[in-house]
Amino acid sequence: MAKCWYPVIDYLACAECGTCVSFCSHGVYDKAKAPSPVVVRPENCIDHCHGCGNKCPVGAITYVGDDTGWIPPNGEKAEDENTPCCCGGTSDNENDAKAVLIQYLYLDLTTCDRCIGADAVLEDVLRTISPALETAGYRIKMQKVEISSEELAKEYRFLASPTIRVNGQDICGPVEENACGCCGEISGTDVTCRTFAYEGQTYDVPPKAMLAEKVLKAALGVEPSGCVCGEYTLPKNLKNFFTGKATKDSCCCVDSCQQTDKRH
Ligand code: SF4
Ligand code: SF4
């Protein structure tokens, strides 16, 4: 089957800066031709990754098969865009090696105890460790994304809620889940959400010590964390959540539904 996602370069716009070539860690570009961007292994490109396109300073990169509505940034916006390739990307630039992008991906921050709890712990951890990392020259950027649709789930290769990534890599190990009453109530379906294993115990909300250790190790590159590259398929559990939520949101019998919810 033909590869249906890979970068296409607008050579009339390209400034031959080589940023895309040095950024991609998947061998899509021919490094020997740098700084000219020559796509030699389109089959290596990660589905729905916009990593190099987000870095291009002139918006010269688009993607075959892109139906996400993504628009190439350029100029200052591209300089500010720190979203790495889904596998973190690499850079030959020493300054980029000290950039730490922390992403918190979640389903709901108004109702779900698990998402709210993990968010609070992560905030607490970052308040504690950020000063030390920044003193050591690291530049920390926090991004929170509500995964509110199947499209966003696919774009972020979202496997379970909540997910914490450092430089594009999942820091909480293999996905394990159990039933989540809050998300079940939001969607009106049976939904499972993520659990966190640490020192022989399983938690619905990750302990502060666990997140502090995982974030630090990932930021410092001490321990490789979970790569999310490879084929992505939207988990059935999440599909049920989005479908159920959309159905519930569009339900015309709002009053009786709300009364029903209150009885639970
Ligand atoms: S950075 Fe991402 S989008 Fe760009 S070529 Fe590499 S894998 Fe593909
Ligand atoms: S980042 Fe953009 S301008 Fe620079 S080489 Fe790649 S396509 Fe050309």
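Ala, Val, Leu, Ile, Met, Phe, Trp, Tyr, Cys and Pro count as nonpolar, Asp, Glu, Lys and Arg as charged, and the others, Gly among them, as polar. By these classes, the shell around ligand 1 holds nine nonpolar, three polar and no charged residues. This is a predicted model, in which local features need pLDDT of at least 70 and side-chain atom pairs count only at pLDDT 80 or more, while totals for chains, interfaces and linings use all residues. Residues are numbered from 1 along each chain as its sequence is written, and chains are lettered from A and ligands numbered from 1 in the order in which they are written.

**Overall structure and confidence**

- The protein contains ten helices and nine strands, where helices (H or I, at least four residues) and strands (E, at least two) are DSSP runs, numbered from the N terminus.
- The average pLDDT (the predictor's confidence in each residue, from 0 to 100) is 82, and 81% of the residues score at least 70.
- Helix H5 (residues 113–135) has the highest confidence, at a mean of 96, and helix H10 (residues 254–263) the lowest, at 44.
- The pLDDT is also below 50 over residues 79–95, a stretch that has 48 contacts in the model beyond near neighbours in sequence; two residues are in contact if their C-beta atoms, placed from the backbone, lie within 7 Å.
- Over residues 254–264 the pLDDT stays under 50, and the model has three contacts beyond four places in sequence for them.
- Among contacts in the protein with a separation of 6 or more, 67% are between residues 24 or more positions apart.

**Surroundings of the ligands**

- Twelve residues surround ligand 1, and the closest are Cys24, Cys45, Cys49, Gly51 and Cys52; a residue is near a molecule or strand if its C-beta atom, placed from the backbone, lies within 6 Å of it.
- Ligand 2 is surrounded by 16 residues, of which the closest are Cys14, Cys17, Thr19, Cys20 and Cys56.
- The shell of ligand 2 has twelve nonpolar, two polar and two charged residues.

- Tyr6 lies in strand S1 (residues 6–9).
- Tyr6 is partly exposed because 19 other C-beta atoms lie within 10 Å; a residue is buried if 20 or more other C-beta atoms, placed from the backbone, lie within 10 Å of its own, exposed if 12 or fewer, and partly exposed in between.
- Not counting residues up to four places away in sequence, Tyr6 touches Val28, Val39, Pro42, Cys45, Tyr63 and Val64.

**An antiparallel sheet**

- Strands S7, S8 and S9 form an open sheet in the order S7-S8-S9, with antiparallel pairing; two strands pair if DSSP finds at least two bridges between them.
- Strand S7 (176–179) and strand S9 (201–203) stand at the edges, each with a single partner strand, so one side of each has no neighbour in the sheet.
- Three bridges join S8 (residues 192–198) to S9, and Ala197 stands opposite Thr202 in S9.

- Most residues other than glycine have a negative phi, and most peptide bonds are trans.
- The peptide bond from Ala34 to Pro35 is cis, with omega near 10°, and Pro35 is in the loop between helix H1 (19–23) and helix H2 (51–55).
- Another cis peptide bond runs from Ser161 to Pro162, with omega near -5°.
- Glu16 has a positive phi, near 50°, and Glu16 is partly exposed because it has 13 C-beta neighbours inside 10 Å.
- Arg157 also has a positive phi, of about 50°, but Arg157 counts as buried, with 24 C-beta neighbours inside 10 Å.
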